[in-house]
Every structure is written in structure tokens, then in C-alpha cells.
Amino acid sequence: MATESSEGEEEGKLTGGSPVLSVDEDLREMGKKAAWSVSSCKPGNGVSSLRDDNLETYWQSDGAQPHLMNVQFQKKVKLQLVALYIDFKLDESYTPSKVSIRAGDGFHNLKEIRSVELVKPTGWVYVSLSGNDPRDTFVSTFMLQIAVLSNHLNGRDTHVRQIKVYGPRPNLIPHQLFQFTSTEFNTYAFVR
Amino acid sequence: MQRSQKIEFLSLCESEEEVAMEAILADYVRSSVRQFMHANAIFHCERLCAEFPSEVNQQLLASCYLQNNQAYCAYHILKGTQMAQSRYLFALSCFKMDLLREAEAALCPANEPSSEVPNGAAGHFLLGLVYRYTDRKISAIHHFKQALSLDPLLWSAYEELCVLGAAEDAAAVFGETAAICIQNQYLHHASVLQNSQAFEEDHSVTSSKDNSADDVSPRQLKQLLSNNVREASGNCQGMAVSARSAVQPPNGGSTHLSLYTTPSPITTQYLCAAPPPLHRNALPNVSNTNSIAADSSPRSTVNSTIQAPRRKFVDEGKLRKISGRLFSDSGPRRSTRLAAEASANTGSNATSTAGNGPNNPSKYLGNSKFSSAALRSVTLRKVSNWTNENFDDGMKNEVIDGCRPIIVSGALPSGDPKALDQETTMLSGVAPNTSKLLSCAGEILGLLRLFGEGYRLSCIYKCQDALEAYSKLPHKHYNTGWVLSQVGKAYFELVDYLEADRAFGLARRVSPYSLEGMDIYSTVLYHLKEDMKLSYLAQELISTDRLAPQSWCAMGNCYSLQKDHETALKNFRRAVQLDSKFAYAHTLCGHEYVALDEFDNGIKSYQTALRIDSRHYKSLYGLGMVYLRQEKFEFAEHHFRLAFHINPCSSIIMSYLGTALHALKRSNEALEMMERAISADRKNPLPMYQKANILVSLECFEKALEVLEELKEYAPRESSIYALMGIIYKRCNMHDKAMLHFGLALDLKPSATDVATIKVTVLPFIMELGTDMKYVLMHVMEI
């Protein structure tokens, strides 16, 4: 079950966006082990364009709002960050404006954990899933749903060019509470 | 075989031209191969086989294909053949094609359990490899040891023994007995050579190229010697030909003769072989005639039969019957050929090589039998002693004692003093001398002892001792690619990555084309986190050889350093594809799978690596780590223990073994293991930290704190130390100290998970404090 934080309905405005994806070293992309699906799509602009590492291709929805992107995992994973590549300059009225992120065990019990409003984004937009409480640094869940509630200029359909989901790297040394940070330790920590 | 020999023998008489043609063709094929014109050689050899179908010619064809890296062709040609040399070549083709069962069946037929392994030391070596790769370690060791006893210079066999962990002390293997063995082989060889020379001499009277013959002799003999020296190891049956070195073993009498037919037949054999260093000095002792005579009784006949190219070898009275006639022509022809081969200087050489054949068809006749025999004995790469078989029944007179290397000079069993003297004078330059031979062999063995000891010690992971052994090598040998790589590997195992980097760097400078050990170098750079150097190395290796597994391992390490495990895995799998017997590539694949959380594939990769090399402790470590993660602690402990047995000096393995023991609740043993790990390598902080962990879980907080304080001195900027201390103080209810240490830990920027963990731990304390402190601290800790 998604952690229910009191600040679930918190709003935040995000502007701009970086052209290059840069994420902390201690995060790793979790999307490879997930099943991705979308609520609707135009033929030729399906869900695969969301995950093809190609910023030229995009997913275009083809139905009623809200447009949904679903990420389902086989086991509960800890997630910390969602990165979306959206470009107002290229997509104009197709650019998402209000995005809500929900988490839960499945379609039946999703709950919103984050909600952001994007203002003319032009590149990679990072949405952190952490709450204020240090206990809420990660969201532990089976499923994540990114919902596009509205678009810029009141567009009906939406374009999303790429999406990535990040979680923490597990401790490489099993049975140890803390990870090593210094070079002296890391040199000796493993055999390769 | 014999039959064909006889038939050929007869046909010789019948159609001299045919024989001559066969000889010429075979000769030409050999010379083509020598010049690495494989396509040409194959074409001509096919004509030869079509014209004169015989097993010997088929062997020649197969060997041409093997030279051209077309083992499958050789396989089909030699399938079903029975001659020893054929079986050896067939087994070799099977081995190259990964058909290990068939290779084994060829070398060691199931229905003839007592049959001897063809080709002596080389055959045993190949058989050993087959057994090794089919997981029959004991048999493999047995055969490698056999190979070594037959050929003490077979370094590759010793290497394999080291890798299997069953090598004896280098001093014992490359010791006195080896020296004597080499000496004997040379002397034998010399005697046979003498005999052959004498024989040829008899008949070289008719030769029109007497001059050249004379000139040729010393060179011939030298050549012969150089070639033969290599084979000195062989036993009666086979010339020890290291499967990895292109040495041509001389095969008894016919070999000798072939030696003389320089351009193609046997000479090719010898000349194709890389002249071993020994030969310069190792010359048999002229004075040792007696001893040689003693053991070459079967040779006595040979003596008379074999014709020395040198006229000085009297033996006039040793005219042979038909074989004599055969050899008469071979003499000059061979000598001229040899002359051509041996030294480009002699003017006569040039003419003689070209002219001989067509000029003297009759001579050819005589030669042909021998030449063809010689031809048959040519396997450019891996020669065997099949000449024995070839000639056994055909030539009564040639008591070709198979593979005794011909030692020039030395004993003429027939004991012709005049000849001997002449020979001696001729060979004065080559100075035969038993004691000298012994001492030279001893010198070489001395070198090999140092190499062997170093390699053996590094294979059982006694790395300091190995480094010492290598340091005893003379400078000129130390500064070679191989040695420096081995030194680098030894430092790598000692976890002294800086020194390893230095050694490998030197190795690259000394031999920039060599890929040996470069996979380990890339791992060293990976540990040192030198991404620039690593990518440069990878690029260079790929551009040197795109088809070497080491290059792709380096490339994979490069990507892995940048945490791009997918691409790294792709590269490692490419390395595996290029050479599926490269254990380290499999291990690296396993590491990447684990990093990607694909444990099943990781386990499979590790197990594949272990199948190839059961002493590859890194794979055992990998398996242990996987099981530790999956919380299968018994399995983990088992694998770490196996790794520990193989490499008892690795403090990292010991500390993980301790961790596994602790997880199994055998904490006392765990602590013991940690102590051992700490004492094994003082510089390693890991066992100390693990020890502290164990103590904390055993609630021995005092001792744990002691350890951590010590550790703090060593690595003052390691956040996990402070974090653990914080945990201890918290459990001891010393909250201020706990807060202090948690703060320090957070300052040192641990990973996000740890930050979260620390903050979560700290939160309740802060809540207990007074309001002001609370807010200050929350602000400070960014909560």
C-alpha cells in the first residue's frame, strides 16, 4: 500500500526543464522490470515510444482525459523519483500541464501521492516522490500511475516523449546497514 | 600404412617419375606453407592427394588446412584414419572444433586401452587438455605430467598443471633429471642425424652438388639441431611438440632425412618450427660416441642407410640396398635444400634449391621415397612421429627410431672415426660437447625454474612469494610482457592496485600488442576508478584485436564503471562468444547480472565459469554473494569457504565468510574468521567493520566501539563508521554522543537510503528535546 502522507494533495509548480538527464548516482532506473501501459494511444505513437530512449518519438493519447501511464512491478519496490521529458516548444497544446502521481497495489486502490503543475516545460522534469518526513523518502509500492489531468492551452490529447522511474540502489553488501562512501572502503569492499 | 609404404616402395621402382612428381609436389606444398601461402599450398596439396592418394598425403593436406585455421576440413579429411600422426592431427581438429569426445577417442581409442598416445609429449598434452575441458581433472593432471616427463621443456603443460593446482615444485620438474633427459634426447638425435648424414654421404658421391653439400652440412646440422633441440623432449614415440608452440619434432630416421630435404619435406618441419634457444649451445658431445653407439643399436642399420649430405661422412661401405639408392639422391638434394634454407649466404644455395629437382630426376627417384616419407612427416605445426610408422615396414634399413631428435655432431654409432673427425671439424663451430650440452640445458632449465616457481606460486595465490620468485629473474627477462603481466596479476591478488597498475603499464609499454593479462589490468583500473585510463585501454585493445575476449572484457569494465550495467553485460557476453573457454569473462557476466538483480542468470554464469576453471575463486565469491543476498546463508557459507580454500590469503573472502557465519548464528567462528582477515591484511578496513557489526549484534558495544575508533583513524571520512557508532550510542542510551555521530555521518554525504535511515533514527530523539533545540536540530539536519 502506498504510504499515505498527509501532504498527499500538495501542489507544486515546476517550470523549465533540463535538456540533459542528470540523476543522483545512488538512484537507479527501475522501469526495466516493470510492465508499462497507457490508457489510450494513437497508432504509431504507442507506449513503446515512452521507453525507447529516443526523444524524437512520443506517446500520443487518443481519448478522454485524464490520460494515464501505468507502471506495474512484480514485487514492491522503493521509488523516489519520476523524470518526464516534455517540451512545450515542440508539443504546444499537447504538453501536459497538470500531472498527478498515484501509487497503490493495483488499479483498485491507487492513491494520489504527488501532484504538480507544469508551466511551459522544455526538457526533463523531475518529480520527487519523497515526502517531508525522512520516513517518507521512498514510496514503497507495487504500482505507479502518472495521470495527465490537463494540457497546456486546453489541449485534449497529450504528448509525452520519455519517462523514467527511479529508486534507490540496494546495498551491495548484504546484511549491512550502511553503505560505504570512502575510497579506502570501496577498494576493499568487493572482489571482481 | 605399411602396405602403402610397400606399395609406394614398389611403385618407386616402377615409376620413378611418379615418385619424383609426388616428392616435388609435396616439397612444394611444404615450402608454400612455410611462406604462409596457405591457399597455394592447399591447392597443390589437393592435386597431390588426387594424384597420389595416400594417408601421408592426406595428413599433409590436413595440416595445410589446420595451418589455415580450417580445422573442419582437416576433420573431414582425417576422419577414420588410424596412423598415429593422423590420429593426432584428427584429435587436434576435433579439439579446435570443440568435439572433445571425438578428440579423446582418437587419441585414446576405447577398444585399445593399451595403445600409446600418438605423438608423445604433444599427444599427452592435447589429451590432457581434452580431459581438463571435460572435467576429468585427475586424468588431465596425469597426462600433463606425462607430457612434462617426456618433454621437460613443455612449459604449457606445466602452466596447465599450475592452473589445475597440481603442479609440483618448479625445482623438481625443471631439475637435474630434466637436464639429463634433454641431453639424452639431443645425443640421440645427434646420433641419428649422424647416421643419416653418413648415409647420405655415401651416396652423395654421385651428387653434382658436392660443394653445396659440404657447405650445407654445418648449417644443415645447425638447422637440424635447432629444430631438433625443440624436440629434445620427445620420447621414442613422439617429438614433444607443445601444442602451443610450432615445433616440429623430428621423427627418427626419416625425419633426419627429411631434415636434409630442406625445402619441403622434413626440413620444412624443422624450419617451420621456431628455433628454440637451446640449440645454440646444446650440441652433443663428439666424444660421446660410445654412449650413443650403445643405445643406438637399432640405429646401426640406419647409420649405414642414411646418407649424410656431407661428403666428409665416409661410410662408403655403408651402401644400402634400394634404400641406398633412394637416399643417394636425397643427399645432395637435401643438402642443397638445406643449404638454401640454412643460410641465404651460400651462393650455391640459390642455384641448388631451384635446380636440383628437375635436374636430377634419377636422384629424385632415390630421394622420393625418403622425401615422401619426409613429406609425410611434415605437419607444419604439430608434427608427430609418424615417420616411424610410415617407414617401419617399408624400409628395413632405416631403423628410424622415431622421434629421437637428431643431434648433429656427436656419435656416429658406426663408429667411423674418420667421419667423426670430419664431422667435428665441420661442426667445430657448433662445438658438440656432452658436458656443455648438459650445462646449457641446465641454464635453460634454471630459467624455467624461476618462471615455473613464480607461476605456480601465483596460481595458488601465494602472491608475495611469487613476486619474490619473479624478482630473481634477470632483468632482460623480467622486462618482458609476460613477466610484467604476471607481476601485475600478483599485485592485483594482493589488492595492491597501484603497484599492479604500474606493472601492467610497464607491460603495455614493453609489448603493446600483447593482450595477455589485459583483462585483469582493466579490472585494476576499474577498482582504481580511473575511467579515462580504462576507456583508453579498452579502445586500444579493441583496435589491436577485435576478436580477443580480453578487449571486450576491458570495454565491459569501462561501461560497468559508469554504472551502465546493460552495455557492460553486452560486452562481456561478446567476450564469451569469442572464447567460451575464457572463465573470467563468464565471471564478469555474472557480476553484471547480479548488479542488474538478475540472480538466476548470474548464478548460471558463475557456474559456467567454474565448469571451465574450478579454481576460479572469483566465481565462488560471486555465488556466495548472491546467496548472501538471497539469504540462503548455508549456501553462501559453503561457497565462501570453497573460495577461501583456494585462496587462503584473501582477506576479503575471509571477511565475507565471517559475515556468512554470523548470519548462520555461528558468531564465534565468525569473529575468529574476522581476526584472521584482519591479520592477513592490515590495510583492509572491511573485516574490522564487519567485526564491529557482529559485535553490535552480539551487544558487545564496548568492544565494537573500540574497533570503530581504530577504524576511524584509518578512514576518517567514512560515513558508515560514524553511523554505526551513532547506532551504538543510541542503544547505550547516550543520546548526545549518538546525535553527534549521526550528524558527522550525515555530513559525509552518505547515500540517500542511509540518509533516510539516519534521519529516521534520529527523529525520535529530536522530538524528546526542548523546543528550541528541536527546531535548531531539525533545521540542521534538514528534517
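Reader: Start with helix α10 of chain B. How many of its residues are buried?

Author: This is a predicted model. In it, helix α10 (residues 155-163) of chain B is mostly covered, with 8 of its 9 residues buried.

Reader: Which residues are buried in α10(B)?

Author: B:W155, B:S156, B:A157, B:Y158, B:E159, B:E160, B:L161 and B:C162.

Reader: And what do the buried residues of α10(B) pack against?

Author: Helices of chain B: α8 (120-133), α9 (137-150), α11 (170-173), α23 and α26 (481-493).

Reader: What follows α10(B)?

Author: B:G165 does, with a positive phi near 75°.

Reader: You listed α23 among the partners. How many residues does α23(B) have, and how far does it reach?

Author: α23(B) covers residues 434-459, so 26 residues by the DSSP run. From first C-alpha to last, α23(B) reaches 36 Å, close to the 38 Å expected at 1.5 Å a residue.

Reader: What sits just after α23(B)?

Author: B:Y461, which takes a positive phi of about 65°.

Reader: New topic. At what angle do α29 and α30 of chain B cross?

Author: Roughly 155°, and their axes come within 8 Å. Angles over 145 degrees count as roughly antiparallel, so α29(B) and α30(B) are roughly antiparallel to each other. α29(B) passes α30(B) in a left-handed crossing.

Reader: Which residues make the contact?

Author: On α29(B), they are B:D531, B:L534, B:S535, B:A538, B:Q539, B:L541 and B:I542. On α30(B), they are B:Q550, B:S551, B:W552, B:A554, B:M555, B:N557, B:C558 and B:L561.

Reader: How does the contact of α29(B) with α30(B) split by class?

Author: 9 nonpolar, 5 polar and 1 charged.

Reader: Over to B:Y88. Buried or exposed?

Author: Buried, because its relative accessibility is 0% and the cut-off is under 20%. B:Y88 lies in helix α6 (residues 84-96) of chain B.

Reader: Now chain A. Where does A:S49 lie?

Author: In the loop between β3 (35-38) and β4 (59-60) of chain A.

Reader: Why does A:S49 count as buried?

Author: Because A:S49 has 7% relative accessibility, and under 20% is buried.

Reader: What does A:S49 touch?

Author: Leaving out residues up to four places away in sequence, A:S49 touches A:G44, A:N54, A:T57, A:Y58, A:W59, A:R161 and A:Q162.

Conventions:
Residues are numbered from 1 along each chain as its sequence is written. Chains are lettered from A and ligands numbered from 1 in the order in which they are written. This is a predicted model: local features need pLDDT of at least 70, side-chain atom pairs count only at pLDDT 80 or more; totals for chains, interfaces and linings use all residues. Side-chain values use heavy atoms; hydrogens and water are left out. Axes are lines fitted to C-alpha atoms, for helices over the stretch in contact, and angles run from 0 to 180 degrees between N-to-C directions. Helices (H or I, at least four residues) and strands (E, at least two) are DSSP runs, numbered from the N terminus. Angles under 35 degrees count as roughly parallel, over 145 as roughly antiparallel, 65 to 115 as roughly perpendicular and the rest as oblique. A crossing is left-handed if the near helix is turned anticlockwise from the far one by less than a right angle, and right-handed if clockwise. Contact means heavy atoms within 4.5 Å. Ala, Val, Leu, Ile, Met, Phe, Trp, Tyr, Cys and Pro count as nonpolar, Asp, Glu, Lys and Arg as charged, and the others, Gly among them, as polar. The expected span of a helix is 1.5 Å times one less than its number of residues. Buried means under 20% relative accessible area, exposed over 50%, partly exposed in between (1.4 Å probe, protein chains only).
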